[in-house]
Amino acid sequence: MSTTPPSLFDLTDRVIVVTGATGVLAGSAARYLAAQGARVVFLGRDQTKLNAALADTAGLAGETAAFACDVLDRPALEHTRDTILARWGRIDALVNAAGGNQPGATIPPDKSFFDLDLAAYRQVLALNLEGTVLPSQIFATALVAQKRGVIINFSSMAAARAITRVIGYSNAKAAIDNFTRWLAVEFATKYGDGLRVNSVAPGFFVADQNRRLLLNENGTPTARGQAVIDQTPFRRFGQTPELHGTLHYLLSDASAFVTGTVIPVDGGFSCFSGV
Ligand SMILES: NC(=O)c1ccc[n+]([C@@H]2O[C@H](COP(=O)([O-])OP(=O)(O)OC[C@H]3O[C@@H](n4cnc5c(N)ncnc54)[C@H](OP(=O)(O)O)[C@@H]3O)[C@@H](O)[C@H]2O)c1
C-alpha cells in the first residue's frame with residue numbers, strides 16, 4: 001500500500017504568530033496562511049482592527065486567534081506566548097511584520113540631515129528593530145525548546161540602498177538584515193538545523209504607512225511614486241498577494257536548508273541599475 005508523503009509546502013496545523021497582522025501586508029499574509037490550514041495568531045495593538053481581521057478568517061481551513069499586544073511590551077508578549085502554548089502546545093513560526101515609519105524620522109525636502117529629530121528617529125528604530133528583536137526573544141524560547149521553528153523578519157528596499165529622506169526606517173531595516181544573519185547563525189550553531197531565520201524584503205506595495213507618499217488622492221502616482229515605478233523593471237507597485245508565495249516557502253519544509261537569507265520580492269527594483 002503506498003502512502004503519499006506530506007507536501008514540502010504543507011502548513012497544516014503549524015502554529016504561526018504574525019505581528020502587524022492588522023496591517024496591509026501581514027493581514028493579507030495571515031489570512032492566506034489560515035487558508036492553507038495553519039493555526040494563525042494575529043497580533044496588533046488595536047482590538048477593533050483585530051476583531052475585524054479575525055472575522056475575515058471565518059470559514060478558512062485553519063484556526064485563528066488574536067491578541068492585542070504592542071511589540072515593545074515584554075510582559076504582554078510573554079503573556080501572549082504563554083496563552084498560545086496553553087492552547088496549542090507549541091509555536092512553529094514567528095513572522096515579525098510590525099513596523100513602519102513616521103514623519104519626524106525623515107528629512108523633508110526643505111530640511112537637512114542636521115534637522116533630524118532624534119526622538120522620532122529613536123522611536124522608528126525601536127518599533128522596527130527592537131520590535132523585531134524583542135518578539136524573537138520571547139516567542140523563540142518555544143522554538144528553541146522544540147529544536148524546530150522558523151522566524152521571518154520584514155526588511156525593505158531601504159536596507160541595502162539609500163532611499164532619499166528615509167533615514168530612521170532605513171537604518172532600522174538595515175539592522176534587521178544584520179540581525180537576520182546573526183540570529184540564523186546563533187540558533188543553528190547552538191540549537192541545530194531545525195531552527196531557521198530569514199527575511200523578506202518587499203519592494204513597494206501600497207499600504208497605510210506609505211499610501212500618501214506613493215499615490216495622489218485620485219490614485220495616480222505622486223512624483224516619488226512614479227520615481228519608484230521608473231526604477232522597477234515590472235513598472236508597477238507590488239500587489240499584496242504577491243508576497244504570499246515567498247512567505248509560504250520560507251515557513252514550510254520546502255526551505256529546510258535555507259537560513260540567514262534576505263529575499264527581495266520587488267519586481268526587480270533591487271537589481272536594476274536604472275539603465
Ligand atoms: N508596504 C510596503 O511597501 C513595504 C515595503 C517594505 C517593507 N514593508 C514592511 O512590511 C511590514 C508591514 O508593513 P505594511 O506596509 O503592511 O504596513 P501597515 O499596513 O502600516 O501595517 C503595520 C502594522 O504594524 C503594526 N504596528 C505598528 N506599531 C506597532 C507596535 N508598536 N506594536 C505592535 N504592532 C504595531 C500596526 O498595527 P496597529 O494597528 O496597532 O497600528 C500594523 O498592523 C512593515 O515591517 C513594513 O516596514 C512594507
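Predicted model: local features only at pLDDT ≥ 70, side-chain atom pairs only at ≥ 80, totals over all residues.
View 1. Residues are numbered from 1 along each chain, and side-chain values use heavy atoms, without hydrogens and water. Helix α1 (residues 24-35) and helix α8 (residues 244-251) pack at about 55°, with axes 10 Å apart. Ser28, Ala29, Tyr32 and Leu33 of α1 meet His244, Leu247, His248 and Leu251 of α8 (contact means heavy atoms within 4.5 Å).

**View 2. Helices α4 and α5 are roughly parallel to each other.** Helix α4 (residues 118-146) packs against helix α5 (residues 167-191) at an angle of about 20°, and their axes lie 8 Å apart. The contact includes Tyr121, Val124 and Leu125 of α4 and Ile167, Gly168 and Tyr169 of α5.

**View 3. The second largest pocket has a volume of about 180 Å³.** A pocket here is an open set of points on a 1 Å grid over the protein atoms alone, where a 1.4 Å probe fits, with protein on both sides within 12 Å along at least five of seven lines; lining residues have an atom within 4 Å of a point. The volume is the space filled by probe spheres set on the points, which are joined across faces, edges and corners. Of the 15 lining residues, Arg14, Arg148, Val150, Arg196 and Asp253 lie nearest the centre of this pocket.

Key. Axes fitted to C-alpha atoms, helices over the stretch in contact; angles between N-to-C directions. Helix = DSSP H or I, 4+ residues; strand = E, 2+ residues; numbered from the N terminus. Parallel < 35°, antiparallel > 145°, perpendicular 65-115°, else oblique.
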